[in-house]
Amino acid sequence: MNLKKNFTFFSIVLLFGESFINKVSAAEVPLPGLANPTLPKYINYIFNLILKVAVISAVAVIVLGGLYYLFSLGRQKPTNEAKEWIKSGIFGLLIVLSSYLILYTINPEMLTFSEELLSLPVITFGGSSNN
């Protein structure tokens, strides 16, 4: 149980700690791969970043579960807990990959954001007011 708390704390610090530290400098430094950053490009970049972090986290959970299983030395409780970690990691990896696959199967354009998706229609009230 202590290992779960440590891993959860480390994950939170790793994911959110850097954003708090670099909050001011993040606006000044362009993101890699974005020549002319626009809102759809930022959304696409963040979506892909979250997808990669989720896959890396799931693989890390599987590896940690495997190490926990290896060092459990056949004791019943740690062995079962390690199996649960491995199952949870595999389940999380399947959820992430299947969500990507479902979106890509339905429409590959859903994975890329464009200006048309975020543009709002122009609404004019009344006639022209040329004096």
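What percentage of the 131 residues of the chain counts as buried? In this predicted model, 13% of the 131 residues count as buried, where buried denotes under 20% relative accessible area, exposed over 50%, and partly exposed in between, with a 1.4 Å probe and protein chains only. Residues are numbered from 1 along each chain as its sequence is written, and side-chain values use heavy atoms, with hydrogens and water left out. Because the model is predicted, local features need pLDDT of at least 70 and side-chain atom pairs count only at pLDDT 80 or more, whereas totals for chains, interfaces and linings use all residues.

**Overall architecture**

- The chain has five helices and zero strands; helices (H or I, at least four residues) and strands (E, at least two) are DSSP runs, numbered from the N terminus.
- Along the sequence, the pattern reads α-α-α-α-α.
- Of the contacts in the chain between residues at least 6 apart in sequence, 62% join residues at least 24 apart, a contact being heavy atoms within 4.5 Å.

**Packing of H3 and H4**

- The axes of helix H3 (residues 39-70) and helix H4 (residues 76-106) come within 8 Å and cross at roughly 160°; axes are lines fitted to C-alpha atoms, for helices over the stretch in contact, and angles run from 0 to 180 degrees between N-to-C directions.
- H3 and H4 are therefore roughly antiparallel to each other, a term for angles over 145 degrees, while those under 35 count as roughly parallel, 65 to 115 as roughly perpendicular and the rest as oblique.
- By class, the contact of H3 with H4 has 20 nonpolar, five polar and two charged residues; Ala, Val, Leu, Ile, Met, Phe, Trp, Tyr, Cys and Pro count as nonpolar, Asp, Glu, Lys and Arg as charged, and the others, Gly among them, as polar.

**The loop between H3 and H4**

- Leu-73 is located in the loop between H3 and H4, and its relative accessibility of 72% places Leu-73 in the exposed class.
- Although Leu-73 is not a glycine, it has a positive phi of about 55°.

**Residues of helix H4**

- Thr-79 belongs to helix H4 and is buried, at 11% relative accessibility.
- The side chain of Thr-79 reaches the backbone oxygen of Arg-75 at 2.5 Å.
- Neighbours within four places in sequence aside, Thr-79 is in contact with Tyr-69, Ser-72 and Gly-74.
- Ser-99, also placed in helix H4, is partly exposed, with a relative accessible area of 35%.
- Ser-99 and Leu-51 are separated by 48 residues in sequence and by 9.9 Å in space, C-alpha to C-alpha.

Key. A polar contact is a pair of N or O atoms within 3.5 Å; within protein, one must be able to donate a hydrogen and the other to accept it, and residues adjacent in sequence count only if both atoms are side-chain atoms.
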